[in-house]
Amino acid sequence: MKAKSLTRKTKRKKLKAEKETDSGEKSIGNLPDALLEHILSFLLTEAAVRTSILSKKWLHLWKSTTNLTFFGLKSPKRKLFMDFVDRVLALRGPSNIEQFYLSCEVKDDPSRVGTWISAAVNRNVKDLYLELRDFEASFVLPHCLFNCETLTELEINMPYILKLPSSISLSCLKILNLYEVIFTDDHSTQQLFSLPNLVELEIHECNWMNLVAVSISAPKLQSLDIHEPCQSSPASLGGCHVRIFGTHLADFTIIGTLSNDYCLYESSVVKTCISIFSAADKPRQTAYRASKLLEGISSAQSLCLTTNVVDVLDDAPELLAFPLEFRNLTSLLFESEESNLHSDGFWHIIYNSPHLIALQFYGVSMPKVPSNCREDWTLDPSPPCFLSCLKFIQVGRFGGDEKELDAVGFLLKNATALESMDIIYSGSARRDQGVDKTNEIHQQLLALPRWSEIGNINFD
């Protein structure tokens, strides 16, 4: 009897579950096809295809999704992945593709991978992202890719030669991201960098060794981001002359050893971030290139520098005799662990930024006083901005040691126009030093001139 009763309960639970599943299917199935296709577009293509087993309604729905994402990099079942991409592109037919993402190992299948990219181009793709690795044979991206009139965003990520056609026509392309590619010649590369509607250009750890001189002259370019390869990489040897010509940049970022020589001509910049690391074997060359680069971005309103930049300038002190004019600069950030206030390169920039309003440090130190400092620790002469317009200073990663306190006191004494100074006390320092040390540092700050009037301490 108990067995029969248990069987009946099990059947009732099963029927109830099936009824709830049917109800859920009906509620989802009542949604418009366009909405279901939109939902599928957020899934990896493999997951979208699996929905075909849900019901007859879902059987072909995935074929209409406009976003295709194939992620097969380091797949343990590479052959299955390759065959899957073939089947999907064959079954979905000629309908347009909005977004196509392909990540895979090319190995000995370059023609197959090229066919997939061509299929996306022939279906009027708008956003194309390629992450290709492990080349065992010669590979050339389809030439039709570089003459696609519908493409608005293109990302190519492959540590391989980027062979470009002699003629490039990407009239709608607005965003171009290049990662680790090897440029082959000046002419084709310059075409790629000078597209008529290009708005954003990122060149990340690419190899410039085959280039002699190129221009970046896209008339609508607003954002330019260049990350040079690391110093230990053969690609870092560079040596190309890069002209950034006739652009009005909202954002400009450059990180590296300046293995290439970058110059801005007839270009204006609003916000700039520069991180330069001196090449150990060519410190003076790096210094001269850094000075030229800073001169080119002298129109910037906001500037972010690592302290390496000012250290690099110190490697060629004769350059400091020629002023760098930052007439529009109102905000200056030094983004590194420690800014040394005795650096001549640092003061060279401060003295030539007469309209500076805000100055920020991630860390600050003064192991010795600046070279033009009097015995009473006042600058002679003072930077113009210190006397007239510098209203705000922020010091981050503050640990409270003697050199940091000296730097804060020095800034309070000399920046007479200052209205507010914020110190962000490092959480790690606070934990290491304990409550007693925190209170001691607070008292030391209160003893500094003007701190009680304009100083604020916060905790990260």
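Is Arg327 buried, partly exposed or exposed? At 46% relative accessibility, Arg327 counts as partly exposed, because the partly exposed class lies between under 20% for buried and over 50% for exposed. The model in which this value was computed is a predicted one.

A search of the whole structure finds 12 salt bridges. Another of these pairs joins Asp380 and Arg374, whose closest N and O atoms are 3.6 Å apart. Asp380 has a relative accessibility of 41% and counts as partly exposed. Arg374, at 45%, is also counted as partly exposed.

The salt bridge between Asp261 and Lys292 has an N to O distance of 3.0 Å. Asp261 belongs to strand E13, which covers residues 261-265, while Lys292 belongs to helix H8, which covers residues 283-296, so this pair ties together parts that are 31 residues apart in sequence. What is the accessibility of each partner? Asp261 has 7% relative accessibility and therefore counts as buried. Lys292 has 35% and counts as partly exposed. The bridge thus has a buried residue on the strand side and a partly exposed residue on the helix side.

Salt bridges can also be linked to one another. Lys79, Asp83, Asp86 and Arg112 form a network of them.

Which residues make up the patch of negative charge? They are Glu337, Glu338, Asp401 and Glu402. A patch of this kind is made of residues with over 30% relative accessible area and no salt bridge. Glu338 has a relative accessible area of 40%, which makes this residue partly exposed. Glu338 is found in the loop that runs between strand E16 (331-334) and strand E17 (339-340).

The last stop is Ser188, which has its place in helix H7, residues 186-193. Is Ser188 buried or exposed? Its relative accessibility is 2%, so Ser188 counts as buried, the limit for that class being under 20%. Leaving aside residues up to four places away in sequence, Ser188 touches Leu164, Pro165 and Ile168.

Conventions. Residues numbered from 1 in each chain as written. Predicted model: local features only at pLDDT ≥ 70, side-chain atom pairs only at ≥ 80, totals over all residues. Heavy atoms only, no water. Helix = DSSP H or I, 4+ residues; strand = E, 2+ residues; numbered from the N terminus. Buried < 20%, exposed > 50% of the residue type's maximum accessible area, 1.4 Å probe, protein only. Contact = heavy atoms within 4.5 Å. Patch = residues over 30% accessible without salt bridge, like charges linked within 9 Å, V, L, I, M, F, W, Y side chains within 5 Å. Areas by Shrake-Rupley, 256 points an atom, 1.4 Å probe, with all protein chains shown as cover. Salt bridge = Lys/Arg side-chain N within 4 Å of Asp/Glu carboxyl O. Lys, Arg positive; Asp, Glu negative; His and termini not counted. Charge placed at Lys NZ, Arg CZ, Asp CG, Glu CD.
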